Amino acid sequence: KVVLDFSAPWCPTCVEADKNFKASATPDGLTLLKVDYDSSTDLKRKYGVTIQHTFVQVDKNGKRLKKWIGSLTYDELLKKTV
């Protein structure tokens, strides 16, 4: 499972989530890729991201499987994936 994490350093929720992710091990079978919300305009457009702290699960070809806002822990993140 590959999930893109559209975050910004000025976003307090993003900072909290990042702190939580760094404090625990990434679960087996999950790859979380941090994407800079401010500079990744092409990826935001491709996946319909309009707000920071958005997560997009993609398949091996980069096709969007699911999009959601606001997971703060790996447990919350895994519950949202397909």
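Mentor: A crossover is right-handed if, with the strands pointing away from the viewer, the path from the first strand over the helix to the second runs clockwise. Helices (H or I, at least four residues) and strands (E, at least two) are DSSP runs, numbered from the N terminus. Here β1, helix α1 (residues 12–22) and β2 form a right-handed β-α-β unit. Please note that this is a predicted model, in which local features need pLDDT of at least 70 and side-chain atom pairs count only at pLDDT 80 or more, while totals for chains, interfaces and linings use all residues. Residues are numbered from 1 along each chain as its sequence is written, and side-chain values use heavy atoms, with hydrogens and water left out.

Trainee: In what order do the strands lie in the sheet?

Mentor: Two strands pair if DSSP finds at least two bridges between them. In this model, four strands make an open sheet of mixed pairing, ordered β2-β1-β3-β4. At the edges are β2 (31–36) and β4 (64–69), each of which pairs on one side only.

Trainee: In which sense does β1 pair with β2, and in which with β3?

Mentor: β1 and β2 are parallel, joined over six bridges. Strand β1 (residues 2–7) and strand β3 (residues 54–58) are antiparallel, with five bridges. Phenylalanine 6 shows both pairings: valine 35 stands opposite in β2, and threonine 54 stands opposite in β3. Aspartate 5, in turn, faces phenylalanine 55 in β3.

Trainee: Why is β1 described as largely enclosed?

Mentor: Buried means under 20% relative accessible area, exposed over 50%, and partly exposed in between (1.4 Å probe, protein chains only). Five of the six residues of β1 are buried, so this strand is largely enclosed by the rest of the structure. Leucine 33, which is found in strand β2, counts as partly exposed because its relative accessibility is 39%.

Trainee: Which residues make up the largest nonpolar core?

Mentor: In soluble globular proteins, nonpolar side chains tend to be buried together. A nonpolar core is a set of buried Ala, Val, Leu, Ile, Met, Phe, Trp, Tyr and Cys residues joined through side-chain atoms within 4.5 Å. The largest one has eleven residues, including Leu4, Phe6, Val35, Val56 and Val58. The elements giving two or more residues to this core are β1 and β3. A second, separate core has eight residues, among them Ala17, Leu30, Phe55 and Trp68.
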